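Dear colleague,

I am handing over a structure for you to look at, and my notes on what was found in it follow below. Please read them with the structure open beside you.

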Amino acid sequence: LASFEKYDPRVPRAVSIYGLFQLLAVVLLLVYMQQAEQGYWPGVAEWALLLATTVTTAMWLEGQRPRAMMRWEGLRLVGLSLGLLAGWGAGIAPVFLWLALGYTLCNIALLLYLLRLPGTAWGDDGYGIQSAVQSS
């Protein structure tokens, strides 16, 4: 404990705003999941989306490299898009499909904005943040 150092990387304000956006989305998804009566597989898909969203958001807030994060975000958005297609085919209420589509488009717009921040281009390693593990 004598050599303990608090790990609290500084991330750009845009990343913090993205984290807040994802937190609100997760809370809304939880509220929906508690009120909806769904089958087993739709519930599994919603929990997978919830878990993927929270994990990728935590990785952003830990200061992970943006280039590596885009790979995970891409996988998450592909899963979300497949869920949208499955929901459309299953006859889910259009209002929920429109909300999910809006969420997906907001994600894409925010991620494109994050990539435009200094030091977050595809070839860069990040915005100057190094974890305690990497630096030791």
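Contact here means that heavy atoms lie within 4.5 Å. Among the contacts in the protein chain between residues at least 6 apart in sequence, 67% join residues at least 24 apart.

Please keep in mind that this is a predicted model, in which local features need pLDDT of at least 70 and side-chain atom pairs count only at pLDDT 80 or more, while totals for chains, interfaces and linings use all residues. Residues are numbered from 1 along each chain as its sequence is written, and side-chain values use heavy atoms, with hydrogens and water left out.

The protein chain has five helices and zero strands, where helices (H or I, at least four residues) and strands (E, at least two) are DSSP runs numbered from the N terminus. Of the 136 residues in the protein chain, 29% are buried; buried means under 20% relative accessible area, exposed means over 50%, and partly exposed is in between, with a 1.4 Å probe and protein chains only.

Helix 1 and helix 2 (residues 40-61) have axes that come within 10 Å and cross at roughly 160 degrees, the axes being lines fitted to C-alpha atoms, for helices over the stretch in contact, with angles that run from 0 to 180 degrees between N-to-C directions. Helix 1 is therefore roughly antiparallel to helix 2, since angles over 145 degrees count as roughly antiparallel, under 35 as roughly parallel, 65 to 115 as roughly perpendicular and the rest as oblique. By class, the contact of helix 1 with helix 2 has 12 nonpolar, six polar and one charged residues, where Ala, Val, Leu, Ile, Met, Phe, Trp, Tyr, Cys and Pro count as nonpolar, Asp, Glu, Lys and Arg as charged, and the others, Gly among them, as polar.

Not counting residues up to four places away in sequence, Gln 22 touches Thr 53, Thr 57, Arg 76, Tyr 103 and Asn 107.

Thr 104, for its part, is found in helix 4 (residues 94-115) and counts as buried because its relative accessibility is 5%. Leaving out residues up to four places away in sequence, Thr 104 touches Leu 77, Leu 80, Ser 81 and Leu 84.
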